[in-house]
Amino acid sequence: MKSNMKMPNAILRRLFAGIVCLTGTVALFAQPSQTLYTVTVKPDRADWIYRTGEDAEFEISVIRDKTPLNNITVDCEYGPEAMPPVKKLKLEIKNATAKLKTPGLKSPGFQTVRASFTIDNTTYSSYTNVGYEPENILPTQVMPDDFKAFWDRAKADAAQIPLEPLLTLQPDLCTSALDVYHIRFQNDARGSYIYGMLCIPKQPGTYPAVLRVPGAGVHSFTGDRALAGRGVITLEIGIHGIPVNLPQHVYGDLASAALNGYAFYNMDNKDKYYFKRVYVGCRRAVDFIYTLPAFDGQNVAVIGGSQGGALAVVTAALDPRIKCFASRHPGTCDLSGFMHGRPGGWPGLKNRPHVEQLLETAKYYDVVNFARTLQTPGYFTWGFNDTACPPTTMFSAYNVIRADKTLKVYTETAHWHFPEQNAAFENWTLEKLGVIK
């Protein structure tokens, strides 16, 4: 039976909202995320950690219908993380698994073991990164002598610009417990704005505040109402100087054109680099929070993942008013790593034009150098299989922190996180703010 019923445009818009990925490309996933065959690469250590020079052994399986296959050939390779493999070989699986022994790295770092299986012209693959004394990984990045002076000057210059905040209530987003506002305030120059979504509990009183800084890309926001519902003010900001409540296609268009590759804009000049206004803007967001009558005046945290994980570290380092921060798989760590035979952090400078100039600017923006100055308690979480923000780079920053710090590793995760991982991330923050005991 045919139907002539048409879906209302408003419903169609809701269906398409939220499926814009970080690059702004729209993708509809009609197929299940699982594949018919699954390749597994299992190390012989539960924590995936070895001493330098120590051999590791891996069990490799190919599974279909939850049953390991036998009498098949898999292609394997291994080598230092993000580097060309040092060896490739073929293994026969005869008794549910094949064993692969790899020699240990001679210095602290990560080694990648990859296995693939081809059938019916389709290749299925998987990989595992194991760590060799990751607690001893040191950064390659150096701190310029004028690092502190550079950022002190940037903060002082921005402080001369009045915030002139504007709050606009969003009735459709408000709840019985929360008021939600679209906000803006001036950043580092007149007419240069930071926009965001602010959630304030309606119950009279004063509250701690959580600043949520964004991951990479161009986004809209509706406010972190779930976290605010637990008894805090939340401010979720964008970094691009555009409102965060526009039609979704605007962000896709910007991500594909005007803001495509923004992480490299003006990177040949440390004073004009795109992220200068971003780093300053995150600190100005703390200034904005301090203007709110509902803020308790002393308890503010900053949290974020990926690009936002980097911004959380940077904001905490630039602003002593931050009581605590939480960073999930931070980018922008040890950007010079690729010059030393190891990975560099997102956004990746390897093979970029004029890389020498970019590396000079990177010294002022690398999370490693902000980590060296931290005095604020911080919580970190990531996985060993992250290729967007390689673990070598994240440990490079974490290991130089002298302030109180906590790291929770979920080895299997790549550039994603488990719900339980996120719950621990948020609960740590709320505990530090005194919201939960």
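Which residues of α2 are buried? I opened my notebook with this one, and I kept in mind that the model is predicted.

**Entry 1: helix α2**

I found that Phe 147, Phe 150, Trp 151, Ala 154, Lys 155 and Ala 158 are the buried residues in α2. Looking down the axis of α2, I saw these buried residues fall within an arc of 125°, so they line one face of the helix.

**Entry 2: helix α7**

Next I turned to α7, which runs over residues 355-362. Its buried residues are Val 355, Leu 358, Leu 359, Thr 361 and Ala 362. Down the axis of α7, they fall within an arc of 160°, so here too I noted that they line one face of the helix.

**Entry 3: empty space inside**

A friendly reminder to myself: rolling a probe the size of a water molecule over the atoms shows where empty space is left. How many cavities of 30 Å³ or more does a search of the whole structure find? I got 2.

The largest cavity has a volume of about 80 Å³. I counted 14 residues in its lining, and His 219, Phe 221, Gly 238, Ile 239 and His 240 lie nearest its centre. By class, this lining has 7 nonpolar and 7 polar residues, with no charged ones.

The second largest cavity has a volume of about 40 Å³. I listed its lining as Tyr 273, Phe 275, Tyr 279, Thr 332, Trp 346, Pro 347 and Tyr 365. Sorted by class, that gives 6 nonpolar residues, 1 polar and no charged ones.

**Entry 4: the cysteines**

How many disulfides does the structure hold? My search gave 0, and I wanted to see what keeps some of the cysteines apart.

I started with Cys 174. Its closest cysteine sulfur is in Cys 199, at 8.6 Å, and that is too far for a bond, because a disulfide needs the two sulfur atoms within 2.5 Å.

Is Cys 282 buried or exposed? I noted 1% relative accessibility for Cys 282, so it counts as buried, since the cut-off for buried is under 20%.

Conventions. Residues numbered from 1 in each chain as written. Predicted model: local features only at pLDDT ≥ 70, side-chain atom pairs only at ≥ 80, totals over all residues. Heavy atoms only, no water. 1 Å grid on protein atoms, 1.4 Å probe; cavity = no way out; pocket = protein on both sides within 12 Å on 5 of 7 lines; lining within 4 Å. Points joined across faces, edges and corners; volume = space filled by probe spheres on them. Nonpolar A, V, L, I, M, F, W, Y, C, P; charged D, E, K, R; others polar. Buried < 20%, exposed > 50% of the residue type's maximum accessible area, 1.4 Å probe, protein only. Helix = DSSP H or I, 4+ residues; strand = E, 2+ residues; numbered from the N terminus. Arc of directions from axis to C-beta.
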